Amino acid sequence: MTTRPIDADLAEARAAVVERVTSALRSADSVLVSDSYIEAEFLAQVQRILAQTFASLGLLPPSEPRQASRGAEVGEQRARQNVHPVDSLKAATLLFDEALSVLVDAVGHLVGNDEIARALNASIMGNVIPASVAYVNVLLERLAVAHSEERLGISRELHDRVAHSIAAGMQRVDLSGLSDPEGSAAQARLAEGMALFDGALDETRAIARDLRHFVGDKRLDEALDDYVADLDEAGPPVIVELDGQPFRLGTGTQEEAFIIVREAIHNARRHSDADSIVVRSTWRPESVLLSVRDDGHGFEHDRIRSGALGLVAAQERAELIGADLTIDPGPGVGTRVELTIPVQEAGV
């Protein structure tokens with residue numbers, strides 16, 4: 001009596017799993033088998049998962065290292081191919097059900113059914129989790145690019161249309177004031193109106209300038225340097241300090257962090273009555289700390305809760321990139337805004 005080689009059993013099991021999973025996905029009209037290229041990628045992933053499962057059960061030597069980057073590559077591809085993550089999760093569930101049934105029949109006499117289930121689940125999750133993270137990172141990059149393009153468009157509108165209209169209105173008010181014979185009261189009202197126009201014009205130009213700045217292909221520290229260098233002299237001076245060796249963060253992380261810091265600088269210059277503002281970035285292997293400190297009058301805690309400094313939007317941006325945002329208003333002693341970005345969350 002001859003014993004059937006284990007390699008033959010495993011090869012037969014692989015073929016059966018692929019056939020059953022593919023058939024089930026076709027019946028469900030899954031996008032994963034609607035395109036030959038996407039289908040080939042998916043089946044290659046199935047083969048890797050099965051190989052990892054067999055290696056975990058000691059039935060085969062590891063044919064390739066278990067690298068999360070393979071799952072990450074799949075996640076990036078799925079995002080760029082506009083494959084919805086629900087389709088991938090449904091396929092993962094289907095794969096587990098079909099593969100478990102096949103493997104129990106094929107090698108259940110060699111290893112326990114519970115061991116097969118645990119090894120199969122670990123192999124699937126070892127691919128699904130990094131794929132999901134990579135998928136989200138691609139979407140964050142798309143969001144950052146879209147935001148950058150939108151900000152540039154708004155900046156052009158503010159500069160070319162709104163600021164121009166305000167300047168034209170100021171010129172006409174000024175001319176009407178020169179020819180107005182009604183006396184000092186009218187002149188005072190015109191002067192007050194001109195002051196309001198002037199403030200609105202400065203603010204509009206400042207907003208347009210802020211919107212032009214984003215990280216893009218630069219590092220976060222470089223983008224902050226460029227932004228500060230472009231500030232006008234209307235507000236207190238801004239000093240930039242650097243601690244540690246800067247490195248590039250994920251695209252979405254950099255853009256959202258830049259917006260938070262930029263808004264903190266803008267608010268400090270506009271509201272704090274400070275003599276100076278210090279922007280400091282501290283770079284460590286485990287985290288990046290960004291802080292904006294001013295020596296102005298500060299404000300009360302209840303003003304934060306009511307939405308001062310756009311805290312709600314800033315907190316939402318921080319949560320989006322897995323960062324921690326704190327604001328110490330320090331009434332009478334200035335304000336400190338700190339953003340802490342864990343490196344592992346930043347996609348470095």
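This briefing covers the cavities, a pocket, the strand pairings and the aromatic pairs of one protein structure. The model is predicted. It holds two cavities of 30 Å³ or more and two aromatic pairs. Two strand pairings are described, one parallel and one antiparallel.

**The largest cavity**

- Rolling a probe the size of a water molecule over the atoms shows where empty space is left.
- The largest cavity has a volume of about 40 Å³.
- Its lining is made up of I260, V261, A264, L290, V292, L325, V337, E338 and L339.
- Helix α8 (251-271) and the strands β3 (287-294) and β5 (336-342) are the elements that give two or more residues to this lining.
- By residue class, the lining of the largest cavity has eight nonpolar residues, no polar ones and one charged one.

**The second largest cavity**

- The second largest cavity has a volume of about 30 Å³.
- E41, F42, V74, Q77 and R78 form its lining.
- At least two lining residues come from each of α2 (36-56) and α3 (68-80).
- The most is given by α3, with three residues.
- Two of the lining residues of the second largest cavity are nonpolar, one is polar and two are charged.

**The second largest pocket**

- The second largest pocket has a volume of about 280 Å³.
- It is lined by 20 residues, and those closest to its centre are R78, S88, L89, V128 and A131.
- R78 also belongs to the lining of the second largest cavity.
- The elements α2, α3, α4 (85-107) and α5 each supply at least two residues of the pocket lining.
- The largest share, seven residues, comes from α5.
- The lining of this pocket divides into 14 nonpolar, five polar and one charged.

**S132 in helix α5**

- S132 is placed in helix α5, which covers residues 113-178.
- The relative accessible area of S132 is 36%, so this residue is partly exposed.
- Between S132 and S88 there are 9.3 Å in space, C-alpha to C-alpha, although the two are 44 residues apart in sequence.
- S88 is also among the residues closest to the centre of the second largest pocket.

**Strands β1 and β2**

- Strand β1 (residues 238-243) and strand β2 (residues 277-283) run parallel and are joined by six bridges.
- From β1 the chain passes through α8 to reach β2, a β-α-β crossover that is left-handed.

- β4 and β5 run antiparallel, with five bridges between them.
- I327 stands opposite V337 in β5.

**The aromatic pairs**

- A pair of aromatic rings is described by the distance of the centres and the angle of the planes.
- The structure holds two such pairs.
- In the pair Y227 and F258, the ring centres are 6.0 Å apart and the planes stand at 85 degrees, so the pair is edge-to-face.
- Y227 is in helix α7 (residues 220-229) and F258 in helix α8, and the pair links these distant parts of the chain, 31 residues apart.
- Y227 counts as buried because its relative accessibility is 1%.
- F258 is buried too, with a relative accessible area of 0%.
- In the pair F247 and W283, the ring centres are 5.2 Å apart and the planes stand at 80 degrees, so this pair is also edge-to-face.
- F247 lies in the loop between β1 and α8, whereas W283 lies in strand β2, so the pair ties together parts that are 36 residues apart in sequence.
- F247 has a relative accessibility of 21% and therefore counts as partly exposed, as the cut-off for buried is under 20%.
- W283 is buried, with a relative accessible area of 3%.

How values were computed: Residues are numbered from 1 along each chain as its sequence is written. This is a predicted model: local features need pLDDT of at least 70, side-chain atom pairs count only at pLDDT 80 or more; totals for chains, interfaces and linings use all residues. Side-chain values use heavy atoms; hydrogens and water are left out. On a 1 Å grid over the protein atoms alone, a cavity is a set of points where a 1.4 Å probe fits but cannot get out, and a pocket is an open set with protein on both sides within 12 Å along at least five of seven lines; lining residues have an atom within 4 Å of a point. Grid points are joined across faces, edges and corners, and a volume is the space filled by probe spheres set on the points. Helices (H or I, at least four residues) and strands (E, at least two) are DSSP runs, numbered from the N terminus. Ala, Val, Leu, Ile, Met, Phe, Trp, Tyr, Cys and Pro count as nonpolar, Asp, Glu, Lys and Arg as charged, and the others, Gly among them, as polar. Buried means under 20% relative accessible area, exposed over 50%, partly exposed in between (1.4 Å probe, protein chains only). Two strands pair if DSSP finds at least two bridges between them. A crossover is right-handed if, with the strands pointing away from the viewer, the path from the first strand over the helix to the second runs clockwise. Rings of Phe, Tyr and Trp (its six-membered ring) pair if their centres lie within 6.5 Å; planes under 30 degrees apart count as stacked, over 60 as edge-to-face and the rest as tilted.
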